[in-house]
Amino acid sequence: MMIVPRGAVLALRAVSLAALAWPLALGIAPLAAATDATTAAAGASAEAHAELWPQRESKLNPDAEIERRIDALIAAMSIEQKVGQIIQADIASVTPDDVHRYHLGSVLNGGNSDPGNRYNAPAKDWLAAADAFYAASMKPNGKLPRIPIIWGSDAVHGHNNVVGATLFPHNIGLGAARNPELVRKIGEATAIEMRVTGLDWTFAPTLAVVRDDRWGRTYEGFGESPEIATSYAAPLIEGLQGKVGDADWLRGPHIIATAKHFLGDGGTHAGKDQGDAQMAEASLRDLFSPPYLPALDAGVQSVMVSFSSWNGVKMHGNRSLLTDVVKQRWNFDGFLVGDWNGHGQVEGCSATDCAASAVAGLDMYMAPDSWKTLWRTTLAHAKDGTLPMARLDDAVRRILRVKLRAGLFEAGKPSARPYGGRLELLGSCEHRALARQAVRESLVLLKNAGSVLPLKPGARILVAGDGADNLTKQTGGWTLSWQGTGTKRSDFPNAQSIWEGIDEQVRAAGGTATLSPDGSFASKPDVAIVVFGEEPYAEFQGDRPDVGFDDAKALALLRKLKAAGIPTVSVFLSGRAMWVNPFLNASDAFVAAWLPGSEGGGVADMLFGKADFRGKLPYSWPKSSDQTAVNIGDAGYDPLFAYGFGLTLADKGDLAPLPEMRASVAAADPGVLFAAGKPGAGRRLLIGPPGALSTNPGPDLIEVRAADRIAQEDSVRLRWTGAGPAVAAIVMGEAEDLSRQSNGELALEIELRVDTPPTADVSLVMGCGAQCAGGFPLAPTLTAAAKTGKWTRIAVPLSCFARAGVDMTRVDTPLSLATAGKLEIVMSSAKIVSPTGPVIQCK
């Protein structure tokens, strides 16, 4: 799932192509769309043969009364109401009145969508919003039957969107624990905390088998082998939903769960998110489908379809898998839900028009911001037969079946249901104790030279590193915001940082603990604990070109402590196994802590020997920075630490010095268009009159000079003279496909200062080859910025450019500024990123 940041500062209307005629003439030879490296090999089949897949008999006996009620409901529903049931809208783009008017069957909150557009909205606001949407769905509407709405949320490591909720380790850590009963209890706790805020459906668990650690969602997978996810699927789903046949199945303390993302999301070429799983059918079946069978046997009621493709065909349009395998071969009678506008990636489709996905077997479109137009086009397709009525009725039947099984027609408003509004259960002592146990069991000890661990809490202990007292880093992505960034300590009232957990235990033992992020000290400590690691990320923003970890500051700190003769314990926070040889060499002990969540005390427990290490690697640890796809069973398997490795305190934990030469250098950030005073890798800054751009034209129309912001020449000054039309453009080395970034609601973000306001219209344009472009007038924004004299951040969602006519699959000019008047700006950066603040909204 993905999200769209909110918080408009200005609404822009697209400039027409005619109005863009002269800015379009950039003088750049049109480029063909870059060949996607994930395109399947010629001739590879994307047609599944259902008879070759395991036959599964349903564990759920049909309920005659429920089916009779469904028959009656479908007979009484209007076609508009049926279409509404199969469309899900994001709460940032829909109102309760919309739910009533369009008969919507579901809403969701994306990673950055919250009640009142506040990432840290209090729990009571979530409950109030749930009541409001429910009331709208049940409001009388003529003779039409009233159908309660369901609300889906990514509760992927606890109820992680809500302030105060218990945050469990991400799945990568739970995979290291190898404890199915633990994940069952985690499912139970998560379900209760969701019920507290009125939500009844989680988009979890992720059952991905991850084969390339470059993937930005690696930490959402339990491991590289199907065995862990297969052993966890049933207990985790039963924890969330309850057991089939029990009176509280899907009710009371339980919710609706989702098995995701079907299928092969962890096996895409080069670990590219939303990429292509290029493999034979047998590999797709044997590596990636095993966890789904116990999930279905446990009664999971929804399955989320993957963004990714199989041999070049998007899963959202693959009938042979969605219908022939899942629904027919496996006898799944719940519903298939899409991922964030994923239907729009199907060939011949757009986010607002895609009958093909429903025809292929999708039952509910996740259409966060495209829902209204999609509702209209889907209604038209249902009326003209493009979407057969039998297929529409089947999708509605499946959704109604789940709602009836969950007792939603009789449950009443969310705040009146069991656990609704019991805010004391958010982050309860019992749930936090469970999370602390999960942290203890998830940590993997990779090195323990000279048995430096366990530490004595009565010693003088230095606690250093930027992750020591940093709950944002400790909890990772999918925590209060999509990327897990932008949070502060006060957003975690029921949590304990790693430093706080250490300090508590040291104080109790009469020792001395000192927090010093930079590692400085007045008197030499007995031992140092250094906590460092990856910054938070989610989904494709976490995709990497290799698995080499770089942090010069943390490495220098470790080496300084080692040189001072101080025993040092490294606690490494990460969402994947990474090449960290220099850090291992500079540490006496090294603990892979993954992304432990809210209970830093669990880390302290292990460092001070309150329990022995039991965590085992769920992913093979790379020997080199380019060893990105190293999996147990591979030919020539040769990791640094094998799958299943993990020391105990009784083991000999010494490690011979490791080579520190990087096997590869990470490629430049593809999102950087301009930074540090120069264009990003593979980009050029061209200026001049329309149709004759160059790197170094005369200054009669436009002048370029280096400028300073923070460091010397870290910015560029652009001055339009007003002598005639002129353009400044960032141009790609070759056209790039930015549709994935557009679908993920990334934005073109520019940081600039306006020194001379514009004297004429200014166009912000994105180009996609000859006579292909779209953009917006920017003069009012720049004029307002000039009045402040301060640095200004301008962020326009890529989806706005798509709506303005840009073909996002072949962008060759991601940024151009054009004006015939005078204008002077200093630009310090231009990037394609997840916005760090408000975005300009387009109309």
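**Exercise 1. Describe the contact between Asp 297 and Arg 56, and say which parts of the chain the pair ties together.**

Step 1. Start with the contact: Asp 297 and Arg 56 form a salt bridge through their side chains, with 2.8 Å from N to O. The term stands for a side-chain nitrogen of Lys or Arg within 4 Å of a carboxyl oxygen of Asp or Glu.

Step 2. Helices here are DSSP runs of H or I with at least four residues, strands are runs of E with at least two, and both are numbered from the N terminus.

Step 3. Arg 56 is buried at a relative accessible area of 7%, whereas Asp 297 is partly exposed at 33%. Buried means under 20% relative accessible area, exposed over 50%, and partly exposed in between (1.4 Å probe, protein chains only).

A note before you go on: this is a predicted model, in which local features need pLDDT of at least 70 and side-chain atom pairs count only at pLDDT 80 or more, while totals for chains, interfaces and linings use all residues. Residues are numbered from 1 along each chain as its sequence is written, and side-chain values use heavy atoms, leaving out hydrogens and water.

**Exercise 2. Classify the aromatic pair of Phe 133 and Trp 151, then that of Phe 222 and Tyr 232.**

Step 1. There are 23 aromatic pairs in the structure. Rings of Phe, Tyr and Trp (its six-membered ring) pair if their centres lie within 6.5 Å; planes under 30 degrees apart are stacked, over 60 edge-to-face, and the rest tilted.

Step 2. For Phe 133 and Trp 151, the ring centres are 5.8 Å apart and the planes stand at 90 degrees, so this pair is edge-to-face. Phe 133 sits in helix α5 (residues 123-138) and Trp 151 in strand β4 (residues 150-153), so the pair ties together parts 18 residues apart in sequence. Both Phe 133 and Trp 151 are buried.

Step 3. Phe 222 and Tyr 232 are also edge-to-face, with 4.9 Å between centres and 85 degrees between planes. Phe 222 is in the loop between β5 (201-202) and α8 (226-241), and Tyr 232 is in helix α8, so parts 10 residues apart in sequence are tied together. Phe 222 and Tyr 232 are both buried.

**Exercise 3. Locate the charges that sit over the rings of Phe 409 and Trp 791.**

Step 1. The criterion is NZ of Lys or CZ of Arg within 6 Å of the ring centre and within 35 degrees of the ring normal.

Step 2. Over the face of Phe 409 lies Arg 69, 5.5 Å from the ring centre. Over the ring of Trp 791 sits the charged end of Arg 709, 4.2 Å from the centre.
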